[in-house]
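These are my notebook entries on the links between side chains.

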Amino acid sequence: MVVTRAESIQRDFWAIPLFLRRHALLIVAFLTSAEIYRWYFAGVVPYPYDSTHCYQHTRYGICPYPEPQDIPPRIQRTGMPPLYEAYMDFENHLTKQVEGNTPTRKYIYFANHVASCGWGNVLQETVFSSLVASGLDRGFVFDDYIVEFNTKPYSRSYNGKYYPTIIPHSAMINGYLVGLDSSGLNRNDNNETLAIPRRVYERICPPSERVYIHLKSVEAHLRRVTSNPKASLDDASGKSILDAWLSRLSQPDVKDAPCVQVLHESPNMFNIVFFGTTAMQDLWETLSTSPVLTNWAWSPLVYRALDQNRRLFMPVSKQSVETSPLSTDIPPWHISWINTAAPLPVLTLHLRRGDFKEHCPHLADMASNYTGFATFPEFSARDPFVVPRLVHEHWYSHPLSLLSKDSTARGSSENIPIVESREELHRYYAPHCYPDVKQIVQRVREVLHDYETFVRGADIGIENGLSFERAKAEEERDRTVPDSSQESRGIAGWKQEAEDIGNSRALSRSLANQSLRRIFIMSNGNSAFLKEVKDALLEDAANSRNQEKSAAWKFQWEWEVVSTSRDLVLGWEEAPVGRAIDTYVAHRSELFLGNGFSSLTGNVVMLRKMGPFDPVQTRFW
């Protein structure tokens, strides 16, 4: 008897035990759910971190950072980003000041901190909030960077990629903001109250032990310290706001309270309006001398990423050179392959794309100026931005319009541009906020010319016959390409040669170009846009060496490498903190050209103001 395939399948089905047949659908549903759960929450299991070693490092007095993970552990499903559990555990065990479940110091937690926004916004608010804590020797309670409000460990971007919902600060930065004292370590030699993570704060400060305050009570003290009954935090200077906070936190109800918390529903005191005006500038002296910035450092993950990508930032001759540490007291993970105080020989460009296509017209409608950090006088002298005047002023009707909040947004009546339509207003803002490729190339060339003037005049003086007018006029100048020994001397060697030449002739090649030969583009732009920018910059530099196309140039220039954020080779843990890596490169770059409307650029400027850069080395579109 011939048995058909259908009959064979039917017979096999009835051979299955009755229990399995009855519950087949339930079993399938259970297995499907288990697979979905494993797929969606894969990687939640933490990879191991041995916190028992934290206090055994007597030489450094600090917990060792977790070992970097270039590839996911075997328990992590391929393709999912890290959750940084080891870094959270590292933060929890970092300070020796917290033992047990009761506070031995005084702390303040700003529960109303910003979240679910860009890292630049979060970092600038964190810096200024911690300034309040350091002013009263209260420990600053730092929270994780909340990338997105989500109850799940992962979120999904518009292009389908997953990213961690929260990232601990220690994966990006180091120093005071994550609990290190002014020695740069964790020794607490000066008996300072160190910062602690929110997880530790919630353990030692239960809700019943906290004293809660609202921003309204701080505003009452603002009126007291300014002797102005109508004073408001919305239009107060940074110093007045800080004084008001210090006055409020010195009151009897909170002065001796170990746990003070700003209510979650309280408005942000350091918000986009504050950072978008010059109000914060009178706090610079206080900020620049506080441990917040004097004890600033980057995460070992960031240093390591630079080390792994040195090919993009350093000349070939220096890529394999290991420099000795500046101090034997610095832990090994803190030592980079290059002196962290020395500039990188790179021009970094900050090109915002993505949401800035819509955000820049929005900034124009708000009558926005550059951020407070980008409008310090030393920067405005070269790169002023003047908010134009509309023929019909009522177009500036946005509730967050900054015209009434910043008296410096407009210059004198003689230099205020006038625009006749909103479309013209948007075009006015575009080159500074969302430049196209042609505008990018032109601005880079302008900045290089200014920097060449600076380099030539820094030591030997323009009076020595090295002005650009002379350089352009003397067509018979020496065009000899220097040999390798001359080239290795860098700017210092070429300055010496320029001194020797004196007034007799000018150099054909750029002086600054002997050292500055690489561009790094930090951008969230797509690959096609970034390639177009790279090709255009290389072509424009090539024109400087072509006699028929060099009219826009006053010297010859050549780029060895033009790279972008997308060219960085990053490990599994490094990729999600790419913005911090970009910021570090910009912080250290010999020349920086940033977006004056961006909080990320503002943070870069803040760090560059700490030195060793001249204002001509920090520019804006």
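**Entry 1: basis.** I worked from a predicted model, in which local features need pLDDT of at least 70, side-chain atom pairs count only at pLDDT 80 or more, and totals for chains, interfaces and linings use all residues. Residues are numbered from 1 along each chain as its sequence is written, and side-chain values use heavy atoms, with hydrogens and water left out.

**Entry 2: salt bridges.** I counted as a salt bridge a side-chain nitrogen of Lys or Arg within 4 Å of a carboxyl oxygen of Asp or Glu. The search of the whole structure gave 25 salt bridges. I looked up three of them, as follows.

**Entry 3: R199 and D144.** The side chains of R199 and D144 form a salt bridge, at 2.9 Å from N to O. I found R199 in helix α6 (residues 198-204) and D144 in the loop between β2 (139-142) and β3 (145-146); the partners are 55 residues apart, so I noted a link between distant parts of the chain. Here helices (H or I, at least four residues) and strands (E, at least two) are DSSP runs, numbered from the N terminus. For accessibility I used three classes: buried is under 20% relative accessible area, exposed is over 50%, and partly exposed is in between (1.4 Å probe, protein chains only). R199 is partly exposed, because its relative accessibility is 23%. D144 has 7% and is therefore buried.

**Entry 4: E574 and R304.** Another salt bridge joins the side chains of E574 and R304, with 3.0 Å from N to O. E574 lies in the loop between β16 (561-564) and α22 (578-588), and R304 in helix α13 (residues 300-308), so the pair ties together parts 270 residues apart in sequence. I recorded E574 as buried because its relative accessibility is 1%. R304, at 22%, counts as partly exposed.

**Entry 5: R443 and D383.** In this salt bridge the closest N and O atoms are 2.5 Å apart. R443 belongs to helix α17 (residues 437-458) and D383 to the loop between α15 (377-380) and β13 (389-390), so parts 60 residues apart in sequence are tied together. R443 is buried, at 15% relative accessible area, and D383 is buried at 6%. I also noted that salt bridges with shared partners join D383, R443, E446, D450 and R619 into one network.

**Entry 6: disulfides.** A disulfide is a covalent bond between the sulfur atoms of two cysteines. I took it as a pair of cysteine sulfur atoms within 2.5 Å, and the count came to two. How are the bonded cysteines paired in sequence order? The pairing is 1-2, 3-4.

**Entry 7: C205 and C259.** The sulfur atoms of this disulfide are 1.9 Å apart, and the link is left-handed, with -65° about the S-S bond. C205 lies in the loop between α6 and β9 (211-213) and C259 in strand β10 (residues 259-262), 54 residues apart. Both C205 and C259 are buried.

**Entry 8: C360 and C433.** Here the sulfur atoms lie 2.0 Å apart. The torsion about the S-S bond is about -75°, so I noted this disulfide as left-handed. C360 is in helix α14 (residues 356-365) and C433 in helix α16 (residues 422-433), 73 residues apart. C360 is buried at 4% relative accessibility, and C433 is buried at 0%.
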